Amino acid sequence: MKNDATIHIGVIGVGHLGNFHLKQFSKISEISLCGLYDINEIRAKEMSELYNIPYFTNLQKLLKKSDAVSIVTPTFSHYEVAEKALNEDCHIFIEKPITDDLYHASKLLKKANNNNKIIQVGHIEQFNPAFIALKKIKNYPRFIESHRLAPFNIRGNDVPVILDLMIHDIDIILSIIKSKIINIRANGVRVTSDTIDIANSRIEFENGCIANLTASRISQKEMRKMRLFEKKSYITLDFMKETLEEYKVCSKKPIDSSNNQIIEIGNEQKKYVLYNKPSIKKHNALKEELKHFVHSIKSSTIPITNGNNAINALRVALKIQSIIDK
Ligand code: NAD
């Protein structure tokens, strides 16, 4: 749009995830990738050759050519890079967490709002097909249990596991439970790195719901699951397998037109459990997330994973961190 009707997008930070940003952006027809930048010039050149787009050795030059940028650098650099991009009048997509402190996150949001720029944050699970399926089911959880476990990886260790992994579940839970947080308890341990590697947190909401979150990056097995319990219903969501299963207790034998399974429980007073595993239309969550960014720019609408929601998730994450560090 700087010169014509196409949205020119630049990608900043082309490491592990930046590579996938380039891959997915190159499949979106409404935009043009105008270039990339990475402080590691060897990596920049490699990605430039792979995607056949120019690489810049000067960030400012890329920003001047871009209408919007994806910031996929390590968390500690998000603020510095995002501020430069906003100064050059670019819309910004920042990978999660928005920043590692609230002051800088609020400054970015204020600046983006004042300049009429879109700010979207990479809370990708909002675009997970299983979570989209969950949103179609009315649910009022009283208890939520989430597990996000990953094997050790050298990447992401610059921030505690709460900012790296748990923040995904915090963001999801805050979007489900629209109630004030009244208490948080937490514990965590530094096992292999200098920051917290495994953490557990219990969040109590004013409406009575309790969320128990566990995140680890020193696990043998990978797991990304969330279980939601409410009166007469249990839903289990697997973010990795992108599946959703629902169990509903009914006192009368349900008349079920679909092929749902009905389980009989109890002797004297029979109850029935209706088991439903909806078929979920799969899509690439990153592609959907980036398309949403493009759509938000084109329609001047606030993205789902906007700066405000990202700040709310960051506030809770930092509170958990401070409780553990006390
Ligand atoms: P990475 O280390 O693989 O890549 C980071 C790249 O940024 C490197 O190539 C590095 O040279 C470059 N870089 C560092 N500082 C820079 C700067 N100031 N300007 C330009 N380039 C710079 O890391 P990654 O795993 O790709 O993570 C990047 C970001 O993505 C982090 O914020 C991380 O939290 C986030 N992330 C999000 C998800 C998700 O599920 N949404 C998954 C993984 C990572």
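The model is predicted, so local features need pLDDT of at least 70 and side-chain atom pairs count only at pLDDT 80 or more, while totals for chains, interfaces and linings use all residues. Residues are numbered from 1 along each chain as its sequence is written, and side-chain values use heavy atoms, with hydrogens and water left out.

**The ligand and its surroundings**

- Around the ligand there are 21 residues, of which H16, L17, D38, K96 and R155 come nearest; a residue is near a molecule if one of its heavy atoms lies within 4 Å of it.
- This shell divides into seven nonpolar, 10 polar and four charged residues, where Ala, Val, Leu, Ile, Met, Phe, Trp, Tyr, Cys and Pro count as nonpolar, Asp, Glu, Lys and Arg as charged, and the others, Gly among them, as polar.
- An oxygen atom of the ligand is 2.9 Å from a polar backbone atom of H16, and an oxygen atom of the ligand is 3.2 Å from a polar backbone atom of T73.
- A backbone N or O atom of K96 also lies 2.9 Å from an oxygen atom of the ligand.
- The protein covers 79% of the 850 Å² of accessible area that the ligand has on its own, with areas taken from the Shrake-Rupley method with a 1.4 Å probe.
- The peptide bond from K96 to P97 is cis, with omega near -10°, and P97 is found in the loop between β5 and α5 (102-114).

**Helix α7**

- Helix α7 covers residues 161-176 and reaches 22 Å from its first C-alpha to its last, close to the 22 Å expected at 1.5 Å a residue, the expected span being 1.5 Å times one less than the number of residues.
- A kink of about 50° is centred on I167 in α7, the bend being the angle between axes fitted to the seven residues ending there and the seven starting there.
- In α7, 15 of the 16 residues are buried, where buried means under 20% relative accessible area, exposed over 50%, and partly exposed in between (1.4 Å probe, protein chains only).

**Residues in loops**

- E88 lies in the loop between α4 (78-87) and β5 (91-94), and E88 counts as buried because its relative accessibility is 19%.
- The side chain of E88 makes a polar contact of 2.9 Å with that of Q60 and a polar contact of 3.1 Å with that of K64.
- Such a contact is a pair of N or O atoms within 3.5 Å; within protein, one must be able to donate a hydrogen and the other to accept it, and residues adjacent in sequence count only if both atoms are side-chain atoms.
- K232 is not a glycine, although its phi is positive at about 65°, and K232 counts as exposed because its relative accessibility is 51%.

Technical notes
Helices (H or I, at least four residues) and strands (E, at least two) are DSSP runs, numbered from the N terminus.
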